[in-house]
Amino acid sequence: MVMTTILEIIFIILLAGIIGLFFLGLSRKIMARIHWRYGPPITQPLIDIIKLFNQTSMSHGFLFNFGIIFSLAGSVVVLLFLPFGRICPLSDSGGLLVILYLMLIAPLGLALSGGEAANPYTSIGISRKLLLAFGYELPLLLILLTVMTHYNTISIVEIVNKQFQAGWSFQHLSLLLPGIAYILILPAILGFRPFELIQAPQEISSGPMAEYSGKFLALTTIQHAFNIFISISLFTNLFLGGAANPGYFFLKILAVFVIFLFANAVFPRFRIEQAIKYLWRWPSILAFAGLIIVLITGKNF
Amino acid sequence: MVNPILLIVIPLGLAFVVPLFRFISKKIEKFIPFFALLANLIISLTLFPHVLEKPIHVSIGGFLPPLGINLVAGPLGILFAMLIALVGFLVSIYAFAYIKEKDQEKYHILYLLLLTGATGVVLTGDIFNLFVFFEILCISSYSLVAYFGDKPGIESAVKYLIQGAVGSSLVLIGIGLLYGQFGTLNMADIASNIHSVHSISVFIPLVLLITGFGVEAAIFPLNAWLPDAHSSAPSSISAILSGIAIEVGLYAIVRVVFTLFGASSILTFLLFLGVITLLIGELCAFNQENIKRMLAYSSIGQIGLIVFALSIGSLSGINGGLFQLVSHTLSKALLFLAAGYMIFRSGSMNISSFEGMGKKMPYTSFAFTIGAFSIVGLPPFIGFPGKFMILKAALFEQDILFTILVFLILLATIIEGAYFFRVVQTIYFKGEKSTPGQEREIAPLSVLIPVFIFVGLIVVIGIYPKLITEILESSASELLNRADYIKNILP
Amino acid sequence: MNLSIILAIAFGGALLTYFSGKISKKARDVLAVLISLVIAVILAFFYNTSSREIFYTGFLDFPLILRIDTFSWFFAFTIAVIGSFSIIFSLSYIRKKGNTDYYYTMMLLVIASMIGIILSGDLVSFYIFWEIMSWSTFLLISYNRGPAIAAGIKYIIMSVTGSVAMLVGIISLYSHYGTVIYTELSGLLYNASSGYTIFIFVLFFIALGIKNAIWPLHVWLPPAHSEAPSPFSAVLSGTLIKIGTYGIILLIYVIVKINVFLNLGEGIVSARYIIAVTGAITILIPTFIALLQDDAKRLLAWSTIAQAGYIILGIAYGTSESVASGMFHFFNHAIFKALLFMVVGAVEYRTNGVRDLNSLGGLIKKMPVTFVGGLIGICGLIGVPLTNGFVSKWLIYKTLIINNSPFLAFAALLGTWGTILYSYKLLHNMFLGQLPEKYEKLERAPFSMQLPIVILSLAIILFGILPGLPLKVINSIESGFGLEPLTINIWGITSDTGTINMLNLFVAVFLIGIMIWLIFKGSKKSAGIGQYDNYAAGTTVPKNKYHYSVDFYGPLHRMISPYLRDFIDDFYMSLARSIKNLGNGIRRIYTGDVGYYAIYIMLFLALLIFIQIKWKLW
């Protein structure tokens, strides 16, 4: 029992890392193709990471190191709560609410680490990150609440199970609006354009990344890879019915990722105020309407 | 058993002896009030247990009532006599150091006369005699208000005099009408003849007496003299005026309404009058910059509260009213005394001149704070049980009218709290933290001793109200059992 | 051991401290710490006991009663412990300030009266201690002078307003039922009309809501908490406002009883929902206002209001999970808010009173222990998993969602995300970023400050991993209230609708953290560099200017600030002004012309006679 759990954990972490890095590579390739370039090989992020680990790095102190570790650990722990196919090692330790909270650790860790760097670019980036998160959390929370109220549970595993019985959330009429809202905010969660304002290389020198070098950069890249994986899997689990096995699950998240990548390629960038205003307008209204519909139609389970 | 008449004779006699002592030593005269009131205090304390068993009445000159003048020392009378003696005694100690200017001799004579008048009013059983003592009280307070002889003092004394005179003449007319109808001046005798105030011939003396005594009792709208008089009098006299004089006026009203006329039907009117007086007093005090005026307006408010409580008309209401009366006497006397010495040091009555007093005069400031907290009704000080009893009495009526009035009273309490806390803050927290060359100027012992006796009483009775509730209860039942009062005097 | 002995020690100790200060300063400090610790230790021995005694019979006809049971023990013990920590913290904090005897006396008096309130067994003693607490707090809030004076007056006026309302409630209960003792009153309102119950509720809630700073009765809190001396702010935020919480629980679950409370009104217009919605508003508005603050203590003060909203929401919602979360959050908030005020206090102490978030920065290098305290404190405040705040918040979200109140849950969740923003700002602007040159010689906080900071930080982690410890106490309180206890074990909660297991989580985070740390350690060692070795787009790093803290959330600030003026405060201030004007107007009755005065007298007389002749009223 314990053995299988441990094996599952290792399996998930490795797989999520590989998928995340693959997505990063893929995104560079696809972006390049859209831009009429050839682009780097898909393995480029992995090569970069190996290279970065071997480079000299500079540290600003204890918190600078600790924040990175904290952030990465946070991301990894979230993986254990997300059903990957039907594998979910820590399914009974608090459900969706814990996931919500654990997803906080990663940005908080980066923010702490970046804070100690004493570089205003970093601080500006963090400020934007937190603001953007605050922007999309408002609709996201409404969406999650709608889903939890609809299925009358806080356990993500159960939500997935119920979708096996009754079809994807998208097929439930009352969850349609929240689903659309989720699609509208997913680029913000992923940090894709038009919400690519945290790093904004041309403007604030990669923001939170400004002071990272060597292994720090490598770790943040890994963290980023996990993050993409987590954000998309959460969406897939909640609205696209999860999946019965890891392979099928992979295909689903790949599809979602590629679709958003196309959007990323064609959009310009918002300013932070515009982003918040956007996020608090249409997605929130849709999500809100969805919640009211769910409340009116009553519990379906 | 001592004769209660001594309570009047001693201060009256000594008052006239003051000029004689002058020939022996000039220093001695200020101790005369001290000894006179100490004697009074002791006498009233020894009388106290006897009175609780059975009221004492003394006929003067051997004529039995209703023919002769008589003194009635019931629980209520002795309660007031005790209070007068106590406050008078403590204030006379305060005066040792405080009264230094001008003719001290006059001050002490008038002071003794004032208290004689007050004691006489509360002990007499004869309505005309009551009027006479009342006049002694009033006239000596007019002159004491003008004691400093400065312009505001004289001006307010004259105003006080005019209004007091109007009031006194109304009282006199009222007494005349009563005498015309019933042919007697003995209160018990009159009372036994009055069964209802419904007929206009009885009603008119009643309102004449209420209005006349109401001037001294500072009921709205008869109280316009009070803020001027209290603020321009010497602080020791302000303490007496606020703590004794207006309470004695109130006593007269209560005696007239409850005992003489048994006019419980007019109580509802007095109830509203009390609340209005309270609200107006507190609102006027709210934005007041002059400390003594503020305290004076606050006295108006407190009197309103007491009137309200007494007019509830139930045993617990009167009980609460009397408790509040005692509490107000002690707290307000303390406040005037403490503020008086701070004014003496800072040279200004403006509240802002009290900045930094907490450091300069720590003991006096502390006492002032206790007094302020007590007036606002915070535990564990004497004001709290008073307010508690009044609210209890009002809410036990279980009447929506009372509930509304209670909320108005509490609104007034909040306003009261606001301005008192402001002063406390000024004393302790305003001004420079510590300026060099700022020295402690602790008040002399003769100021601190009475002030701290007041503080002690406020705290002790606040923690242990049973100390006085017994006498209050029998006083309250004396007021309510009109028939008993009559039977006692006219067997 | 008698309960009255605790009170005797507490009140007597407060006075004794004052006089001992006149003899020796050392003795006074030792005495103050000793008294507060002794109270806490004695209270600890009362764990799981229940007793009741009449401690005084001299007040009118009311026997004053003290009682202890698990419910009052939980609150009293928390208060005593937080109180003694802040006294320890005060040792160095207050030394610079003068009036030390006064400070300790008042502090001990506040703590003593709070414990008195908690231990009271009847409403009259409750009220007496309540008022003593009110005025002693008032005397301490203004201690710092300056703006603290206005804060103090605002506090005391609101406090008096509340307590007079409560007094009416208490006496009204007495006049209806003839008793003020909790055990005798308990459940008597079952037969009362709902109108009367609501009347009682409103009266008590004015008082309790003001103390607990429920919107819209919160306006005293921000100035009072930010202007008070920091250790006292810790007491104010950590414990004093929780007296309001205690009172609300007492009212709902001991006096009125849960079955009456839940049946008060229907659906959305029931007492339960109205209070819960008020709680939700209390979470949201102050959270947003906290985002706009630039004063560290004022930010924390607004945060306190918001967190109090969670507690109220939990208590009023009335399910056994929500009530547990309310009480658990009370406990947690006491710990982490006291900690945060101490952290800010330590910084304030070392920087000579700077608490402006725009002029600090980089202090992590100089005050590392304080920083760690602050970090753990904000983690608890946010509710990061493995800190105590997490479990209590998880419980409230869960019960709100499962019981179909997603909007309340939304308010609670959104409040948390707001919390992240302002607490990061607090930490960043004080401790992270560039260290200004003037603070380069700053020393660490003194030991007497670090000690409580470290202990409280450890407590946050401890109760985060082992939430079962306090939950066990809370469970036994709940069964006393007639609520179904939760099924708990030492590291979590199990139920059909959602299970939480902090041990799993702890092990997972710990192991993964270790793994990553090993990778980090194993790879090439990094070189440490200072704050002037930064990337600055090719120029040298400018000193004192290379720092982003002013207007940290500028874009959001500009968006929301027009909507977030404290309108309630404006309303109260205009109310105060109009009373002042009314007073000035009424004073014109006293014209100063004696002729008028004589006319008043005659008019009064004439009026009375007229009424009698016309209507024969009397």
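1. In this predicted model, helices α14(C) and α15(C) cross with left-handed geometry. Helix α14 of chain C covers residues 320-350 and helix α15 of chain C covers residues 368-382; their axes come within 9 Å and cross at roughly 145°. Two packed helices are described by the angle between their axes and the distance between the axes.

2. On the α14(C) side, the contact is made by N332(C), F336(C), L339(C), L340(C), V343(C), A346(C) and V347(C). Their partners in α15(C) are T370(C), G373(C), G374(C), G377(C), G380(C) and L381(C). By class, the residues of this contact comprise 7 nonpolar, 6 polar and no charged.

3. Chain C also touches chain B: 43 residues of chain C are in contact with 54 residues of chain B. On the chain C side, α5 (123-141), α6 (147-177), α22 (567-586) and α23 (594-615) each supply at least two residues. The largest share, 13 residues, is that of α6(C). The side of chain C that touches chain B contains 30 nonpolar, 9 polar and 4 charged residues.

4. Within chain B, strand β1 (residues 56-59) and β2(B) run antiparallel and are joined by 4 bridges. In this pairing, H57(B) stands opposite V72(B) in β2(B).

5. Strand β2 of chain B spans residues 70-73. N70(B) and V72(B) point one way from the strand, while L71(B) and A73(B) point the other way. In a regular strand the side chains alternate between the two faces of the sheet. All four of these residues of β2(B), on both sides of the strand, are buried.

Conventions: Residues are numbered from 1 along each chain as its sequence is written. Chains are lettered from A and ligands numbered from 1 in the order in which they are written. This is a predicted model: local features need pLDDT of at least 70, side-chain atom pairs count only at pLDDT 80 or more; totals for chains, interfaces and linings use all residues. A residue is buried if 20 or more other C-beta atoms lie within 10 Å of its own, exposed if 12 or fewer, and partly exposed in between; C-beta atoms are placed from the backbone. Two strands pair if DSSP finds at least two bridges between them. Axes are lines fitted to C-alpha atoms, for helices over the stretch in contact, and angles run from 0 to 180 degrees between N-to-C directions. A crossing is left-handed if the near helix is turned anticlockwise from the far one by less than a right angle, and right-handed if clockwise. Two residues are in contact if their C-beta atoms, placed from the backbone, lie within 7 Å. Ala, Val, Leu, Ile, Met, Phe, Trp, Tyr, Cys and Pro count as nonpolar, Asp, Glu, Lys and Arg as charged, and the others, Gly among them, as polar.
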